[in-house]
Amino acid sequence: MAAQILFFALATAAIAGALGMLISRNPVNSALWLILNLFCIAGLYLTLNAEFIAVVQVLVYAGAIMVLFLFVLMLLNLAALPDLKKIDGRRVLAYVLSMGLLAMLSFVVASSLDMLPVPGSLEAVAENGSASNLAKSLFVQFAMPVEIIGILLLAATIGAVMLAKRKAV
């Protein structure tokens, strides 16, 4: 019972962190809200007995990637960001509705093509989600895509910094 209460408390805090990230006007505050969200998700992993994923969540996402985000945010010209007051509510509603429609269409197509994942037993899931199997998948089966994603993220970060640091004419 305590684990369920903790799970729902962490889930509520994760949702609050995500909403704080979206609503906050200051990008640095948004990054800090995202860090809260990532810590809450790590707590959710702990309540689900996935200790390895929780540690990776904290070390990689809340640690390394968020530090990188904060450096990029500090290098950007924050005064040049668009004003949130100019965002039209109808466009936001249209975006949310179109994303919902896209999700429903994707589900229908995936279910008609029999591409939905089949739920497995807890033992099978625990065996596949172990640290050794995860390491084998990352470093053997998916090594090249992980490296390519790392290079793309680095190029995007360098590009964002270069665009933000244009000299004024």
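Guide: A definition to start us off: helices are DSSP runs of H or I, at least four residues in each, and they are numbered from the N terminus. Also, keep in mind that this is a predicted model.

Visitor: What is the phi of Asp-114?

Guide: Most residues other than glycine have a negative phi. Asp-114 isn't a glycine, yet its phi is positive. The value is near 55°.

Visitor: Does that make Asp-114 buried or exposed?

Guide: The cut-off for exposed is over 50% relative accessible area. Asp-114 has a relative accessibility of 69%, so it counts as exposed.

Visitor: Which value does phi of Asn-49 take, in a residue other than glycine?

Guide: Asn-49 is found in the loop between α2, residues 27–47, and α3. Asn-49 is exposed, with a relative accessible area of 61%. Its phi is positive, near 60°.

Visitor: And Leu-48: buried or exposed?

Guide: Leu-48 also has its place in the loop between α2 and α3. Its C-alpha is separated by 10.0 Å from that of Gln-4, 44 residues away along the chain. The relative accessible area of Leu-48 is 57%, and with the cut-off at over 50%, that makes Leu-48 exposed.

Visitor: On to packing. Is α2 roughly parallel or antiparallel to α3?

Guide: The axes of α2 and α3 are 8 Å apart, at an angle of about 175°. Anything over 145 degrees counts as roughly antiparallel. So α2 is, relative to α3, roughly antiparallel.

Visitor: How many nonpolar residues are in the contact of α2 with α3?

Guide: On the α2 side, the contact includes Leu-34, Ile-35, Leu-38 and Phe-39. On the α3 side, Ile-53, Val-58, Tyr-61 and Met-66 are among them. One residue of this contact is polar and one is charged, while the nonpolar count is 19.

Visitor: Which residues is Phe-39 in contact with, leaving aside its neighbours within four places in sequence?

Guide: Phe-39 lies in helix α2 and counts as partly exposed, at 42% relative accessibility. Its C-alpha is 8.6 Å from that of Ala-54, 15 residues along the chain. With sequence neighbours left aside, the contacts of Phe-39 are Val-58 and Ala-62.

Visitor: What handedness does the crossing of α1 and α2 have?

Guide: Helix α1, residues 2–23, packs on α2 at about 160°, with axes 8 Å apart. The two are therefore roughly antiparallel to each other. Residues that meet here include Leu-6, Phe-7 and Leu-10 in α1 and Trp-33, Leu-34 and Leu-36 in α2. The crossing is left-handed.

Visitor: How many charged residues does the contact of α3 with α7 have?

Guide: The axes of α3, residues 51–75, and α7, residues 143–164, come within 9 Å and cross at roughly 15°, so the two helices are roughly parallel. Leu-68, Val-72 and Leu-75 in α3 meet Thr-157, Val-161 and Ala-164 in α7. By class, the contact has five nonpolar residues, one polar, and charged ones: no charged residues.

Visitor: Last one. How far apart in space are Asn-29 and Ala-124, C-alpha to C-alpha?

Guide: Asn-29 lies in helix α2 and counts as partly exposed, at 34% relative accessibility. In sequence, Asn-29 and Ala-124 are 95 residues apart. In space, C-alpha to C-alpha, the separation is 40 Å.

Key
Residues are numbered from 1 along each chain as its sequence is written. This is a predicted model: local features need pLDDT of at least 70, side-chain atom pairs count only at pLDDT 80 or more; totals for chains, interfaces and linings use all residues. Side-chain values use heavy atoms; hydrogens and water are left out. Axes are lines fitted to C-alpha atoms, for helices over the stretch in contact, and angles run from 0 to 180 degrees between N-to-C directions. Angles under 35 degrees count as roughly parallel, over 145 as roughly antiparallel, 65 to 115 as roughly perpendicular and the rest as oblique. Contact means heavy atoms within 4.5 Å. Ala, Val, Leu, Ile, Met, Phe, Trp, Tyr, Cys and Pro count as nonpolar, Asp, Glu, Lys and Arg as charged, and the others, Gly among them, as polar. Buried means under 20% relative accessible area, exposed over 50%, partly exposed in between (1.4 Å probe, protein chains only). A crossing is left-handed if the near helix is turned anticlockwise from the far one by less than a right angle, and right-handed if clockwise.
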